[in-house]
Amino acid sequence: MTSVLRYLGSQAAVLSQLCPQGARSLFTFSRTSPLVNTLVPTRASHLRKRKRVDPKIEQAREARLKKKIKRLMKKDKEMLEIEDFYVMPSLMEQIRERPPVRVSAEEQERRAALEKEWARFRRQQHVAEEAAISAMVTSQQRALQELRAESEELFQQAVQVDPLLIPYQSVGPTETPPISAYDPPDGKYVDLTPME
Amino acid sequence: MAAPLVRNAFLMSTNRLAKPALIAASHAHKVPGLLQNAVAAQMRCCVCGIKTGPAESEENSSQAEQSPWTLMSAVCMVRRPLIMAELSDVERRYKAHLEQLHLETSVLSDHELQLIEEKVKLKQRRSRGYDDDDEDGSLLLAADKEDLAADKFQEFQPADRLTEADMKNDRSSQLRKLGVPLYLLVKQKLGDKAVWVMPQGSRQEGETLRQTAERILLTCCGTHLRTTFYGNAPCGFYKYKYPRTMRSENNVGAKVFFFKAELTGGDIECDSEGVEEFAWVTPEEMKEYLPQKYLDSVLPFATCL
């Protein structure tokens with residue numbers, strides 16, 4: 001205990017020589033009890049001497065950094081070209097413009113009515129699909145419930161993920177069915193057999 | 001089962017910390033009066049949180065032995081559509097409408113430009129009287145190209161959308177009605193009667209229900225069918241009681257679990273033992289074969305979508 005006090009005291013002595021007002025600022029003494037005189041440092045700072053930096057140079061540095069940040073932020077806002085929207089210049093030529101088609105008022109009415117009819121049709125389809133999916137899910141949930149009631153072991157086996165099923169691949173329907181034993185014709189090719 | 005009465009959590013924790021050994025050895029806490037009679041059920045002690053009563057697995061296995069229902073698996077085999085369904089009237093009209101719009105808002109293609117050029121040139125030649133010094137004449141006119149393409153298109157004969165089976169209305173063929181999904185029904189002997197059902201059979205010891213389904217398919221339809229089962233879980237459920245003559249104490253009826261599978265190739269080889277005949281039918285046609293209650297269980301997953 002006394003050695004600590006002596007150490008702290010010596011530090012205070014050194015600092016007081018360097019900067020008379022500094023020593024007081026470095027060590028503020030707090031007395032925890034009147035019986036024991038303890039020196040508890042409540043603030044600390046660098047013991048090395050600080051260089052006198054010109055505030056103007058510092059300001060200039062900060063300004064430069066702020067400008068850099070601004071420039072980067074602006075770049076972020078710039079929108080990139082979407083490659084898919086790029087149209088070949090040859091397609092934008094004047095000669096390619098189609099002669100405009102005048103659509104009569106009745107035709108326009110007919111087209112608008114057809115669009116509405118289509119929207120109605122697609123909505124009905126969607127509602128039917130949703131109902132079918134919901135019925136399928138309900139049916140499966142009921143089956144699993146009944147299975148669990150019968151046997152916990154079988155239920156746990158049923159609920160396992162089938163790793164062979166995923167990824168699932170299926171070939172979709174075509175306009176016409178496949179021709180049995182179809183012999184496709186040769187396509188265009190470059191014959192590279194070496195001539196002797 | 002009554003929810004465990006959670007006392008002061010602090011009390012519970014101190015109890016556990018204080019005497020874990022005692023609790024493990026013999027459960028000393030007295031169960032409150034109401035629950036004392038419920039010995040068979042698994043209860044949680046409201047003081048220390050330990051589970052009392054017979055273990056879960058024991059209970060289940062005893063239940064399985066005593067269950068009066070025969071567990072059966074059935075296979076809902078679907079033949080997916082091979083061709084696009086017939087377009088409805090709205091769809092056909094909208095398709096034409098879209099094609100017209102796309103044409104009107106497009107630019108002229110190279111072929112169309114060539115056609116226009118040649119028209120103009122022909123006019124000029126006509127006016128000049130068909131001078132035969134045609135310097136810029138290309139080898140192949142656009143009109144000729146169109147004719148050639150049309151001829152080539154005629155050479156290819158696609159298969160008919162309406163097959164032989166459609167003409168004969170042969171329900172045993174899987175190539176009938178190619179635009180809609182078809183489901184397999186078999187006339188199976190269950191008990192002493194032959195009934196139209198989806199192929200079903202009872203579960204044997206040590207099998208999962210899906211394995212049962214796969215085995216049933218092999219026995220009913222032969223080994224040449226190639227299928228993909230849609231996972232391990234059943235998609236439907238149907239319960240029926242045996243006729244009174246066949247019923248007994250531990251054999252009341254059967255619980256059928258349906259498994260959906262897709263046909264990827266091959267033909268059915270009918271085993272005359274269990275299966276008399278089979279049919280590939282649409283959900284609407286199923287009404288002619290299946291009783292209403294069975295249909296109610298099957299239609300949710302055997303849809304026309």
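Trainee: Does B:C220 count as buried or exposed?
Mentor: Buried is under 20% relative accessible area, exposed over 50%, and partly exposed in between (1.4 Å probe, protein chains only). This is a predicted model, where local features need pLDDT of at least 70 and side-chain atom pairs count only at pLDDT 80 or more, while totals for chains, interfaces and linings use all residues. Residues are numbered from 1 along each chain as its sequence is written, chains are lettered from A and ligands numbered from 1 in the order in which they are written, and side-chain values use heavy atoms, with hydrogens and water left out. At 7% relative accessibility, B:C220 is buried.

Trainee: How many disulfides are there over all chains?
Mentor: A disulfide needs two cysteine sulfur atoms within 2.5 Å. For B:C220 the closest cysteine sulfur, in B:C221, is 5.6 Å away, so it is too far for a bond. Over all chains, the count is zero.

Trainee: Good, now the interface. How much area do chain B and chain A bury between them?
Mentor: Buried area is the accessible area (1.4 Å probe) that two parts lose on being put together, summed over both. Carbon and sulfur atoms carry 59% of it here. For chain B and chain A, the total is about 4,500 Å².

Trainee: Which residue of chain B forms a salt bridge with A:D162?
Mentor: The rule asks for a side-chain nitrogen of Lys or Arg within 4 Å of a carboxyl oxygen of Asp or Glu. Seven such bridges are counted between chain B and chain A. With the closest N and O atoms 2.7 Å apart, the partner of A:D162 is B:R210.
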